[in-house]
Amino acid sequence: MSAETEFDVVIAGCGLVGASMALALRHRLRHNDLRIAVADRQAFDPQQTVYAQFPDQFDARVSALTLSSQQLLSELDVWNAATAMRVSPYQDMLVWDGEGTGSIQFSASEVAQSQLGTIAENSVVLTALTNQLNAERDIVKLMPFTIESVQRADHQQVLLTAADGQQCRTKLLIGADGANSRVRELMNFTTREWDYQHTAIVTTVRTELPHGHTAYQRFMATGPLAFLPLCQTESDEQKFCSIVWSCVPERAEELMTLSDEEFRLQLGRAFEHKLGMIEWCDKRMQLPLRQRHATEYYRDSVVLIGDAAHTIHPLAGQGVNLGLLDVEVLAEELSNGVKAGRQINDPILLSRYQRKRRGHNLGMMWLMEGFKHLFAQQAPPIQWLRNAGLSAVDNMAVIKNQLARRAIGLD
Ligand SMILES: Cc1cc2nc3c(=O)[nH]c(=O)nc-3n(C[C@H](O)[C@H](O)[C@H](O)COP(=O)(O)OP(=O)(O)OC[C@H]3O[C@@H](n4cnc5c(N)ncnc54)[C@H](O)[C@@H]3O)c2cc1C
């Protein structure tokens with residue numbers, strides 16, 4: 001095999017998490033001659049995004065990025081480029097119980113910040129990441145490279161084979177190939193998974209009233225509905241929101257078949273017309289939601305990060321944020337280890353990463369599961385407790401402050 005197909009690290013998957021991982025390793029080991037490659041079944045093309053082609057429209061896939069995610073992307077010289085395109089910081093968040101009277105409001109000023117987070121179109125962040133990756137000439141891009149087999153080779157290496165027969169070897173393989181990770185499957189990682197019995201409908205809407213840079217979440221027995229504020233680049237009227245409506249699959253099917261007009265009416269009612277009428281909606285997209293968690297994050301010389309290791313309900317907007325925390329910790333452990341003279345695939349380094357991240361990710365997943373069940377309960381005593389609890393927390397400055405700091409990634 002030639003030098004072009006022998007690597008120290010191959011990152012499988014160049015989504016938000018995999019691309020960040022490649023840059024984070026390069027940044028931390030800038031003066032080391034580590035050979036890094038990133039492989040994806042398709043090259044992302046910034047020219048094909050909604051932002052590049054139809055600048056007055058929005059991509060349906062967006063993420064609420066916490067302050068800690070923004071910080072990591074800044075360190076990777078990516079965040080400024082994303083903000084120069086189009087992102088939407090928000091200062092307030094209103095969460096309420098659609099079946100009762102409880103509500104809680106968070107404000108950036110209460111945690112002494114200028115924002116609680118930023119809504120960013122995934123394709124905008126991916127454009128900034130791709131441009132930065134392209135500027136890093138010594139990161140090899142293997143694209144298209146659809147991983148078809150992963151085998152242990154000689155000298156503690158892993159042999160990767162693509163669907164078209166291309167091959168490469170690496171000392172460490174990082175699986176960042178998303179929720180249906182082929183790397184996870186081929187390496188027989190055990191996962192715990194269960195169907196949420198929820199499908200998410202996502203689209204962009206224009207509302208009658210301005211969103212005021214507030215993110216809204218209404219909890220209903222059938223699932224949560226989120227309105228995430230979007231900003232236009234010119235003359236921003238604050239009237240566009242990205243919505244994520246999670247509901248049982250039968251209801252989702254029903255919502256998908258409605259005419260635009262009927263969908264807008266039903267959406268407005270489900271949102272209690274907090275922003276007036278829904279004046280317009282874009283094409284709807286439905287995404288089935290499953291929760292998955294790998295019971296181990298590494299095996300031999302293969303380690304999982306991002307959605308490949310854990311997929312979580314989008315109700316708290318934490319998926320990418322958890323993946324970026326994985327990136328931070330794994331990059332830190334690997335670079336410290338290499339600088340101390342260890343091999344990049346040393347199990348000690350991988351176990352440190354697993355120890356630091358697995359419990360935290362699992363805790364967040366249980367919390368989301370708890371929320372889903374709590375709000376699905378319609379028994380009056382539970383409804384009463386829920387409403388009383390939400391309103392009580394809203395009045396307890398210290399607890400509310402801790403909740404807000406945790407949600408925005410400050411603690
Ligand atoms: C409706 C919805 C709303 C969400 N909202 C939020 C939010 O507000 N905030 C938040 O933090 N998270 C949110 N999430 C979660 C977030 O979208 C995911 O956590 C995130 O996209 C995962 O990134 P990733 O890079 O790990 O995986 P992906 O984005 O899935 O990237 C995987 C990459 O691997 C490549 N790949 C796959 N298979 C192969 C193969 N065999 N060979 C080679 N390459 C391969 C793919 O082409 C892709 O580029 C939401 C999710 C949903 C469904």
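Me: A crossing is left-handed if the near helix is turned anticlockwise from the far one by less than a right angle, and right-handed if it is turned clockwise. In this predicted model, which helix does helix 1 pass in a left-handed crossing?

Reply: The structure is a predicted model. Helix 1 spans residues 16–28, and its partner spans residues 122–135, with the two axes 10 Å apart. The helix that helix 1 passes in a left-handed crossing is helix 5.

Me: How are helix 1 and helix 5 oriented to each other, roughly parallel or roughly perpendicular?

Reply: The two helices pack at an angle of about 30°. Angles under 35 degrees count as roughly parallel. Helix 1 and helix 5 are therefore roughly parallel.

Me: How many charged residues take part in the contact of helix 1 with helix 5?

Reply: Helix 1 contributes Leu-16, Ala-19, Ser-20, Ala-22 and Leu-23, which meet residues of helix 5 including Val-125, Leu-126 and Leu-129. The residues of this contact comprise eight nonpolar and four polar ones. The number of charged residues is none: there are no charged.

Me: Around what arc of helix 3 do its buried residues lie?

Reply: Helix 3 runs over residues 67–75, and its buried residues are Ser-69, Gln-70, Leu-72 and Leu-73. An α-helix has 3.6 residues a turn, so residues three or four places apart point the same way.

Me: Is Leu-275 buried or exposed?

Reply: Leu-275 lies in the loop between helix 8 (260–270) and strand 16 (278–281). Beyond its neighbours within four places in sequence, Leu-275 is in contact with Thr-207, Glu-208, Leu-209, His-211 and Phe-227. A residue with 20 or more other C-beta atoms within 10 Å is buried. Because Leu-275 has 24, it counts as buried.

Me: What separates the C-alpha atoms of Leu-275 and His-211 in space?

Reply: Along the sequence, Leu-275 and His-211 are 64 residues apart. In space, their C-alpha atoms are separated by 6.8 Å.

Me: What is the phi of His-273, a residue other than glycine?

Reply: His-273 lies in the loop between helix 8 and strand 16. With 14 C-beta neighbours inside 10 Å, His-273 counts as partly exposed. Its phi is positive, near 50°.

Me: What share of the 411 residues of the chain counts as buried?

Reply: The chain has 12 helices and 20 strands. Of its contacts with a separation of 6 or more, 76% are between residues 24 or more positions apart. The share of residues that counts as buried is 44%.

Note on methods
Residues are numbered from 1 along each chain as its sequence is written. This is a predicted model: local features need pLDDT of at least 70, side-chain atom pairs count only at pLDDT 80 or more; totals for chains, interfaces and linings use all residues. Helices (H or I, at least four residues) and strands (E, at least two) are DSSP runs, numbered from the N terminus. A residue is buried if 20 or more other C-beta atoms lie within 10 Å of its own, exposed if 12 or fewer, and partly exposed in between; C-beta atoms are placed from the backbone. Two residues are in contact if their C-beta atoms, placed from the backbone, lie within 7 Å. Axes are lines fitted to C-alpha atoms, for helices over the stretch in contact, and angles run from 0 to 180 degrees between N-to-C directions. Angles under 35 degrees count as roughly parallel, over 145 as roughly antiparallel, 65 to 115 as roughly perpendicular and the rest as oblique. Ala, Val, Leu, Ile, Met, Phe, Trp, Tyr, Cys and Pro count as nonpolar, Asp, Glu, Lys and Arg as charged, and the others, Gly among them, as polar.
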